[in-house]
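Please open the model in your viewer and keep the selection panel at hand. The stops below say what to select next and what is to be found there.

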Amino acid sequence: MKQGNCNVADAARLSVAPMMDWTDRHCRYFHRLMSTRTLLYTEMVTAPALVRGGALHLLDFDPEEHPVALQLGGSDAQELAQAARLGAQAGYDEVNLNCGCPSDRVQSGTFGAVLMKYPETVVDCIKAVQDAVDVDVTVKCRIGVDDQDPEIVLPDFLERLQRAGCTRVTIHARKAWLQGLSPKENRDVPPLDYDLVRRMRTEFPNMHLSVNGGIRTLAETQGFLHDGLDGVMIGRVAYHQPWDILGKADALWGDTPHQTREEVVARMLPYIAGHIAKGGKLNQVTRHMLGLFAGRPGARRWRQILSTEAHKPGAGPGVVEDALAAVLAEAA
């Protein structure tokens with residue numbers, strides 16, 4: 001259950017969902033500065049990209065990001081095992097198999113939510129990955145897809161995983177419609193069924209089950225934990241309003257958060273300078289920071305300055321300092 005001193009099951013009390021084009025290494029570093037406890041996930045990385053494409057740069061991350069999990073997409077057991085081995089060698093604390101993404105691009109590769117239709121394939125993949133690595137091997141899934149009955153499909157799916165030795169699962173509490181709904185609509189249109197997820201917690205007392213989908217506040221998170229769920233995963237709100245979630249998240253573990261948003265900005269400056277010194281661009285980092293001051297005076301100026309200035313040639317940490325000065329001026 002551990003990589004080094006990191007207990008990922010404990011960290012999974014609250015996690016930030018893997019989100020394509022969002023939860024890259026710069027985003028995760030920024031999030032980690034707000035919460036030392038929360039479990040962070042990579043964007044989904046496809047096993048073929050690593051094994052056949054040799055895109056090992058997709059595994060790059062900063063040691064400060066721990067605890068951090070690698071989410072893999074794929075359906076070929078041996079290829080996933082090879083990809084997982086690369087992830088474990090890179091230092092990830094967990095390998096997660098994506099059985100929840102509904103996009104056409106993912107379906108065409110026979111992975112993501114479509115795997116809910118092929119539980120025996122999922123079991124084969126999980127066993128192969130478990131044989132390949134010593135870190136936690138987990139699954140993120142839906143309650144079902146298309147015309148499947150979640151009341152039948154989900155418990156069967158979890159039972160198969162449990163028998164395979166996979167005891168930590170994050171359940172997105174919506175069905176996925178693989179035809180007729182876009183990936184965006186699949187995040188909003190199918191109704192949420194939190195009660196089914198709660199019942200799964202009762203039916204599978206030896207599994208570590210987290211709930212995902214539509215959760216917007218830490219108060220809701222505490223409610224799910226109080227109901228007996230082992231963890232909560234939050235996606236878009238944690239990205240767009242990071243301080244509201246991550247700035248206070250460590251209280252879920254009994255810690256007392258004490259830093260300020262201004263201190264988070266100050267701690268990002270050396271990271272930004274290092275990224276630029278290696279040839280990176282400022283907006284590759286600051287695009288993830290736009291929501292830091294959401295709900296506070298000066299938030300609009302912060303977003304405006306970063307959005308208009310960070311992409312310009314030669315832009316550096318000074319742009320972030322100017323944006324922070326604008327926030328402080330409006331708050332004065």
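Before selecting anything, bear in mind that this is a predicted model.

Begin with C27, which counts as buried at 0% relative accessibility. A disulfide would require the sulfur atoms to be within 2.5 Å, and a search of the whole structure finds zero disulfides.

**Stop two: aromatic pairs**

How many aromatic pairs does a search of the whole structure find? The search returns five, and one of them is formed by Y29 and Y271, whose rings are stacked, with 4.0 Å from centre to centre and 15 degrees between the planes. Since Y29 belongs to helix α2 (residues 25-34) and Y271 to helix α13 (residues 261-277), this pair ties together parts that are 242 residues apart in sequence. Y29 counts as buried at 12% relative accessibility, and Y271 is also buried, at 12%.

Move on to F61 and Y92, where the ring centres are 4.4 Å apart and the planes stand at 40 degrees, so this pair is tilted. F61 sits in the loop between α3 (47-51) and β6 (68-73), while Y92 sits in the loop between α4 (77-90) and β7 (94-99), so that parts 31 residues apart in sequence are tied together by the pair. F61 is buried with a relative accessible area of 14%, and Y92 is buried with a relative accessible area of 0%.

**Stop three: strand β6**

Now select β6, where six of the six residues are buried, so the strand is largely enclosed by the rest of the structure. In a regular strand the side chains alternate between the two faces of the sheet. In β6, V68, L70 and L72 point one way, whereas A69, Q71 and G73 point the other way, and all are buried.

If you now show α4 together with β6 and β7, you have a right-handed β-α-β unit in view.

**Stop four: helix α16**

Finish with helix α16 (residues 317-331), whose end C-alpha atoms are 21 Å apart, in agreement with the 21 Å that its 15 residues should span at 1.5 Å a residue. Which residues of α16 are buried? They are V319, V320, A323, L324, A326 and V327, and, when the helix is seen down its axis, these buried residues fall within an arc of 155 degrees, so they line one face. An α-helix has 3.6 residues a turn, so residues three or four places apart point the same way. Turn to the other side of α16, and you will find D322 and A329 exposed.

Definitions and conventions
Residues numbered from 1 in each chain as written. Predicted model: local features only at pLDDT ≥ 70, side-chain atom pairs only at ≥ 80, totals over all residues. Heavy atoms only, no water. Buried < 20%, exposed > 50% of the residue type's maximum accessible area, 1.4 Å probe, protein only. Phe/Tyr/Trp six-rings, centres within 6.5 Å; stacked < 30°, edge-to-face > 60°. Helix = DSSP H or I, 4+ residues; strand = E, 2+ residues; numbered from the N terminus. Right-handed = clockwise from strand over helix to strand, strands pointing away. Expected span 1.5 Å × (residues − 1). Arc of directions from axis to C-beta.
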